[in-house]
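Hi,

Here is the structure I said I would pass on. Have a look first, and my notes follow below.

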Amino acid sequence: MTSKDIHLDICGDQNEVAVIRLTRPKKRNAINDALILSIRDLFEKLPATVHAAVIDGEGEHFCAGLDLSELSERDAGQGLIHSRMWHAALERVQYGPVPVVAALHGAVVGGGLELASACHIRVADASTFYALPEGTRGIFVGGGGAVRIPRLIGAARMADMMFTGRVYNAEDGERIGLSQYVVPAGDAFKKAFELAQVIAKNAPLTNYALMHVLPRIAEQPADQGYVSEAMMAAIAQSAPEAKERVRAFLDGKAAKVKKA
Ligand code: 1HE
């Protein structure tokens, strides 16, 4: 099932970057049931050439969150199932086949922030603003935000956003951890695409470890985390690609780390 409100392009010289765009600008890319299911399906079926993805939104806003027009129709049981449907979809984003870079601009609110939080890198342009209006609408986050957002900014800041309707701008968002990059207005997609191209060149096992193992280690008690880290390090370094890359550096054929 693919909604008309989402578009997939496969880009790059080797078709290595998927560009996924929310294309519902008239409704500020608000996410209805068809769209959340399409996000899930799309991440399940990315072509094998793809090694990184960018997600962005058409129009002046990244995403206005849940399509509120569908909310009033649901009873409690349906609400539970609906929330779990979002969880399944955003799980495919976070733990899908490839790292995902979110290109943010304008409103990144409610479920839009939940979607962005499921991505691995967030690039915000200067027009970006973040909010969790669920608090003032008398509802609660339901797309995994209660789990992912405190891990980015802490439970106290998230609670403040929901208690008071606090809105963070792009710069403050970066300061507290909502994004890793801030760029001038209009440049988020360009920067996100550049980053995706860099990521796509990494050894696949390294990307796998960063997506699937690092977040689990971060949740483990330290003594278990050290063992998980050691196992992942051993697996990664044993891959032929790792040996080739290290040999290239020792032979003076690979780039040095340059001062930022
Ligand atoms: C919508 C939605 C929406 C816009 N659901 N229709 N999210 C919110 O509470 C955010 C609600 N939206 C806004 O605060 C504003 O729309 C924006 C700041 C995002 C953009 O403002 P603006 O002035 O550019 O657009 P607008 O005039 O408010 O909206 C344009 C149209 O989009 C309008 O419809 P129209 O038929 O009158 O043209 C709006 O009704 C429509 N629209 N946002 C439905 N969200 C998994 S649980 C997640 C829980 C949540 O995400 S709750 C938070 C929902």
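A residue is near a molecule if one of its heavy atoms lies within 4 Å of it. With that in hand, strand 5 (107-109), helix 3 (111-118) and helix 4 (134-137) each supply at least two residues of the shell around the ligand.

Bear in mind that this is a predicted model, where local features need pLDDT of at least 70 and side-chain atom pairs count only at pLDDT 80 or more, while totals for chains, interfaces and linings use all residues. Residues are numbered from 1 along each chain as its sequence is written, and side-chain values use heavy atoms, with hydrogens and water left out.

Now the ligand. There are 22 residues around it, and K27, A64, L66, G111 and R137 come nearest. By class, the shell has 9 nonpolar, 6 polar and 7 charged residues (Ala, Val, Leu, Ile, Met, Phe, Trp, Tyr, Cys and Pro count as nonpolar, Asp, Glu, Lys and Arg as charged, and the others, Gly among them, as polar).

- R28 puts a polar side-chain atom 2.9 Å from a ligand oxygen.
- L68 has a backbone N or O atom 2.9 Å from a ligand nitrogen.
- G111 has a polar backbone atom 2.7 Å from a ligand oxygen.

Taken alone, the ligand exposes 1,000 Å², and the protein buries 66% of that (Shrake-Rupley method, 1.4 Å probe; for residues, only the protein chains shown count as cover).

Next, R122, in strand 6 (residues 121-125). R122 is buried (under 20% relative accessible area; exposed is over 50%, partly exposed in between) yet has no salt bridge (a side-chain nitrogen of Lys or Arg within 4 Å of a carboxyl oxygen of Asp or Glu). E174, the nearest side chain of opposite charge, is 11 Å away (Lys and Arg count as positive, Asp and Glu as negative; His and the chain ends are not counted). What does lie 2.9 Å from a polar side-chain atom of R122 is the backbone oxygen of A116.

Last, the backbone. Most residues other than glycine have a negative phi. N15, in the loop between strand 1 (6-11) and strand 2 (17-22), has a positive phi of about 55°. N29, in the loop between strand 2 and helix 1 (33-44), has a phi near 60°. N15 is partly exposed at 36% relative accessibility, whereas N29 is buried at 0%.

Cheers

How values were computed. A polar contact is a pair of N or O atoms within 3.5 Å; within protein, one must be able to donate a hydrogen and the other to accept it, and residues adjacent in sequence count only if both atoms are side-chain atoms. Helices (H or I, at least four residues) and strands (E, at least two) are DSSP runs, numbered from the N terminus. Buried means under 20% relative accessible area, exposed over 50%, partly exposed in between (1.4 Å probe, protein chains only).
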